[in-house]
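User: Please look over the model below with me, and take the questions one at a time.

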Amino acid sequence: MNTDKIYAEHLANEYAPKDDSKVIALRKLDARAKLPATIFTYTFGILSALITGVGMCMSMDVIGNSSITIFVLGVVIGMIGLIGMGVNYPIYKKILAHGKQKYAFEIMQLAKEISGQ
């Protein structure tokens, strides 16, 4: 197998002018439908994990003084973060379904044109 030839073809494809075919347009529509759900999921998941971490630090006396009030507050804050992590996926699925519904007609029309049906 000639690896030099494979590498040269790969490099040529990388620098070749890109055409805006219908498949590329279909991929862009699909990405546009899924992007809001992905951004929300990552952002909300990271924030929920950070909130959980703050609550754990408070309950283990890393943050604050060694009082019962800080301990209880830390447990409550940690539970709020855990609940946020727990509801993250169902919210993601709802946002994703909404995005797919929003772009479904355009995607289906373009997919029919590509497949020739």
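User: In which helix is Lys 100 found?
Analyst: This is a predicted model, in which local features need pLDDT of at least 70, side-chain atom pairs count only at pLDDT 80 or more, and totals for chains, interfaces and linings use all residues. Residues are numbered from 1 along each chain as its sequence is written, and side-chain values use heavy atoms, with hydrogens and water left out. Helices are DSSP runs of H or I with at least four residues, numbered from the N terminus, and Lys 100 is found in helix α3.

User: Does Lys 100 count as buried, partly exposed or exposed?
Analyst: Buried means under 20% relative accessible area, exposed over 50%, and partly exposed in between, with a 1.4 Å probe and protein chains only. Because its relative accessibility is 43%, Lys 100 counts as partly exposed.

User: What separates the C-alpha atoms of Lys 100 and Lys 34?
Analyst: Leaving aside neighbours within four places in sequence, Lys 100 is in contact (heavy atoms within 4.5 Å) with Ala 33 and Lys 34. Lys 100 and Lys 34 lie 66 residues apart along the chain, yet their C-alpha atoms are separated by 7.2 Å.

User: How are α2 and α3 oriented, roughly parallel or roughly antiparallel?
Analyst: The axes of helix α2 (residues 22-59) and helix α3 (residues 68-115) come within 7 Å and cross at roughly 180°. Axes are lines fitted to C-alpha atoms, for helices over the stretch in contact, and angles run from 0 to 180 degrees between N-to-C directions. Angles under 35 degrees count as roughly parallel and those over 145 as roughly antiparallel, with 65 to 115 roughly perpendicular and the rest oblique. The crossing therefore makes α2, relative to α3, roughly antiparallel.

Definitions and conventions: Helices (H or I, at least four residues) and strands (E, at least two) are DSSP runs, numbered from the N terminus.
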